[in-house]
Amino acid sequence: MTEEIIIAGFGGQGVLSMGKILAYSGIMENKEVSWMPSYGPEMRGGTANVAVIISDERISSPILQNFDTAIILNQQSMDKFESGVKPGGLLLYDPNGIIRHPSRKDINIYTVEGAAEAAKQKSSKTFNMIILGAYLKIKPVVKMDNVLKGLKKSLPERHHHLIPMNEKAIKIGMDKVKEVNKL
Amino acid sequence: MAENILTPEEIIKRGELVFKKTKLMTDNELSYCPGCGHGVAHRITMEVIEELGLEEKTIGVAPVGCSVLAYEFMNVDMQEAAHGRAPAVATGIKRVYPDKTVFTYQGDGDLAAIGTAETLHACNRGENITIIFINNGIYGMTGGQMAPTTLPGMKSSTSPYGRDINMMGHPLKITELIAMLPGTVYVTRQAVHKPGLVRKAKKAIKKAFELQQENKGTTFVEIVSNCNSGWKMTPVDANNWLDKHMLDYYPLGDLKG
Amino acid sequence: MEDVKLMKGNEAVAEAAIRAGVDAYFGYPITPQSEVIEYLMAEEPHKRTGMVVLQAESELAAINMVYGAAACGKKVMTSSSSPGISLKQEGISYIAGSELPCLIVDVVRGGPGLGTIQPSQADYFQMVKGGGHGDYRLIVLAPSTVQEMADFVELGFELAFKYRNPALILSDGVIGQMMEKVVLPPQKERLGDEEIDKRYGSWATTGKKNGRERNIITSLELKPERQEAHNLHLQAKYKEISEKEVRLEKINCENPDYLFVAYGSSARICQKAIQLAEEKGIKAGLLRPITLWPFPSKEINKLAEQVKGILVVEMSAGQMVEDVKLAVNGKVKVEHFGRFGGMVHSPDEVLEALETKIIGG
Ligand SMILES: Cc1ncc(C[n+]2csc(CCOP(=O)(O)OP(=O)(O)O)c2C)c(N)n1
Ligand code: SF4
Ligand SMILES: [Mg+2]
């Protein structure tokens, strides 16, 4: 099994930490993982993305041109990464702020109203966990209890009291994910 | 949209222009975070150059820091220097073109850490250049590390528990040092986070460039500024924090001349 | 379970340094390696091991702090990225000339000049061929994983002290910024001052006590005959290192038709290109130099006899390719491929280059 994922959106949406939690969850299942962020000043208010690979084998290139899964959280990222999804792959996105929706017919497309749901939770911090939940519902690449272990590992101790809130957000994402195009 | 809202073109047509960007600022979108002092400092510097009619004889030197791209915004001949070396580069320019107007625009890391030697020696030689020094107490460009000017107790990514002066030394009042050097004729500390202060800072910059025309020695304008990104504050909070804390340690006013 | 962590390459270097019992780190922020000093400052190793961490006013100052502390027999290091390393070159030449052990980390970005902050391998010339003035060599280790970033800290120091020579970890923005699993070494104790005096008191400036001859650390020799003698001594040392310390990894090299030579993150991209080649029925192998100096010339020369062509893949306009050509000595065709200036080649591009430049060419 090798799952190659790109997560892309604005800086501040929790793109990088979501990738980190996924990677940590992979470690909990004794898998090989890599996490390669875009870096530099473009992170300030601009776009941010991270390539995460979870695999049973030694990971070769940590930089991805094509992805099994693209998780897209803003229009710029949609424009940039839609074409890179492998045929038969998955594109998951939050329709909030998206004006040009994906048009490909050869991939699986899902949406989740992450921003709207996070607003309902009155916590923008749950946004990325809602998205993560939606992804895990479609592709359970890691088990839920390992995700929680991963969360625990990636959060500093003083934030551990937030884990129940994150767990709830993941469940919301799992409930709210919608199918748009299924092959 | 309501009917009575005017488009920018209509406003211009009506002749009710209240502000016009100097032609010495390019139309490029500024790369600075919203609320950052760099943009204002750029604008007033270039307004002064325009008002003094120095456009054709000015050569500027950009630093390495957030204003590394100053040459994208300042519409005069510009050179980009290595980190900290702008005063040496400016010396080179001024020595071969003594009749040109030469300035550097530098952050606190650039001017007061890696470039301290170049700064002190250019000022000590009394190079007829103007140095605009943006002191925001942090390395903005590289993601908020401690600068030589970071205040005691102030948090940064390399002083995550606050600057401990026993380990990291004291904030460097380099402007005070510069004022002691006989080579400098005008040394002043200004700020740009309030309209009144912007007007004062512009006057100071104008004085500096005027003195440069008289070949009297180095002119040095510090601008105590903000870095909401590096300080991890909203733009408004950053300005309030600046007012409350930075100005205590770095009081405004002329130090010399 | 072992102590497995998910870390950036830069963080792994920093944590490994604390655990290696390093006495001092001196650095100056620069992207893409500022996490090294940021991690150290957050970890407060002075509380864990007594390790000193200082943000210097420049790279120039940082490398001279290293000179001073290394000359005391302490385990000291610094890290930077290309423009900062250029500034350190003066100090590195002095450290090599004075035969001081220390560790330098270069997380390479694209140049020349201020260039870009994106990954690059264009510092090969400046690190492997000298960079500073005079006839000297650095022991250059090229990690291709976060694990190796951590492991090469101790290895670098081991070699540095064994040969009293600066060692360098030549990494790049990819390896520095990416996170991977890393198994961290156990905490080593820092050496006490007495132990340092016992081990290195023959040369280090630890204070002239017990009536021992005073120690002088210098790279100056006014008499050319003596400077030449010093250089001959250095060359003898370099020869010994070349014979004993070559390290490399071979992947798919049992019976390949074609060979990639690549290090660091380019080696990982080549691994993927090998998989893609296999799908097309092309048998390619990879020789990954782990030490760039000493260079694995002998092994490359041997493999050159078995393959039809060699493609050297590096994120530069072609630097290591010169050493590969010297090693191959005309036995077989050697070509270079690589994106540069901060661009990273894709496995597809690498395979295409193999097909057009080597197989078809
Ligand atoms: C030789 C060298 N070392 C380090 C850097 C990385 N660097 C770029 S900008 C900067 C600090 C900038 O801080 P400052 O001068 O205060 O400007 P600001 O961004 O705060 O306006 C550093 C350390 C570099 N470009 N070159
Ligand atoms: S990081 Fe700081 S100094 Fe740089 S543009 Fe943003 S607010 Fe201004
Ligand atoms: Mg600054």
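Colleague: In this model, how much area do chain A and chain C bury between them?

Modeller: The model is a predicted one. On the two sides, 24 residues of chain A are in contact with 27 residues of chain C. Of the area buried, 59% is on carbon and sulfur atoms. The area that chain A and chain C bury between them is about 2,200 Å².

Colleague: Which residues of chain A lose the most area to chain C?

Modeller: The side of chain A that touches chain C divides into 12 nonpolar, 6 polar and 6 charged residues. Three residues of chain A that lose the most area account together for 30% of what that side buries. They are Tyr39(A), Arg58(A) and Ser60(A).

Colleague: Which element of chain A gives the largest share of the side that touches chain C?

Modeller: Two elements give two or more residues to that side: helix 1 (15–28) and strand 2 (32–37) of chain A. The largest share is 6 residues. These 6 residues come from strand 2 of chain A.

Colleague: How many salt bridges does the rule find across the interface of chain A and chain C?

Modeller: The side chains of Lys272(C) and Glu4(A) meet in a salt bridge, at 2.8 Å from N to O. The rule also finds 11 residue pairs in polar contact across the interface of chain A and chain C. The number of salt bridges found across this interface is 3.

Colleague: Turning to chain B and chain C, how many salt bridges does the rule find across their interface?

Modeller: Here 19 residues of chain B are in contact with 19 residues of chain C. The two chains bury about 1,400 Å² between them, with 62% of it on carbon and sulfur atoms. The rule finds 8 residue pairs in polar contact across the interface. For salt bridges, the number found is 0.

Colleague: Which element supplies the largest share of the side of chain B that touches chain C?

Modeller: At least two residues each come from helix 5 (108–114), strand 6 (145–146) and helix 7 (165–168) of chain B. By class, that side of chain B has 10 nonpolar, 7 polar and 2 charged residues. The largest share, 3 residues, comes from helix 5 of chain B.

Colleague: Which residues are the protein donors of the magnesium ion (ligand 3)?

Modeller: In sequence, the donor residues are spaced D-x27-N-x1-I. Asp108(B) lies in helix 5 of chain B and Ile138(B) in strand 5 (residues 138–139), so this pair ties together parts that are 30 residues apart in sequence. Both Asp108(B) and Ile138(B) are buried. The protein donors, lying 2.1 to 2.4 Å from the ion, are Asp108(B) (OD), Asn136(B) (OD1) and Ile138(B) (O).

Colleague: Is Ile54(A) buried or exposed?

Modeller: Ile54(A) lies in strand 3 (residues 47–55) of chain A. Leaving aside its neighbours within four places in sequence, Ile54(A) is in contact with residues including Met1(A), Leu22(A) and Val33(A). Its relative accessible area is 0%, and the cut-off for buried is under 20%. Therefore Ile54(A) is buried.

Colleague: Which residue has its backbone oxygen 2.8 Å from a polar atom of the side chain of Thr291(C)?

Modeller: Thr291(C) is in strand 12 (residues 291–293) of chain C and counts as buried, at 0% relative accessibility. A polar atom of its side chain lies 2.8 Å from the backbone nitrogen of Arg247(C). The backbone oxygen at 2.8 Å belongs to Pro294(C).

Colleague: Which residue is joined to Pro112(C) by a cis peptide bond?

Modeller: Most peptide bonds are trans. In chain C, the bond from Trp293(C) to Pro294(C) is cis, with omega near 0°. Pro112(C) lies in the loop between strand 5 (102–108) and helix 6 (124–128) of chain C. The cis bond there, with omega about 0°, joins Pro112(C) to Gly111(C).

Colleague: What is the phi of Lys122(A)?

Modeller: Most residues other than glycine have a negative phi. Lys122(A) is in the loop between helix 3 (114–120) and helix 4 (127–138) of chain A, and is exposed, with a relative accessible area of 76%. Lys232(B) is another residue other than glycine with a positive phi, near 60°. For Lys122(A), phi is positive, at about 55°.

How values were computed: Residues numbered from 1 in each chain as written. Chains lettered and ligands numbered in written order. Predicted model: local features only at pLDDT ≥ 70, side-chain atom pairs only at ≥ 80, totals over all residues. Heavy atoms only, no water. Contact = heavy atoms within 4.5 Å. Buried area = accessible area lost by both parts, 1.4 Å probe. Salt bridge = Lys/Arg side-chain N within 4 Å of Asp/Glu carboxyl O. Polar contact = N/O pair within 3.5 Å; in protein donor to acceptor, adjacent residues only side chain to side chain. Helix = DSSP H or I, 4+ residues; strand = E, 2+ residues; numbered from the N terminus. Nonpolar A, V, L, I, M, F, W, Y, C, P; charged D, E, K, R; others polar. Donors = N, O, S within 2.8 Å, 3.2 Å for Na, K, Ca; no water. Buried < 20%, exposed > 50% of the residue type's maximum accessible area, 1.4 Å probe, protein only.
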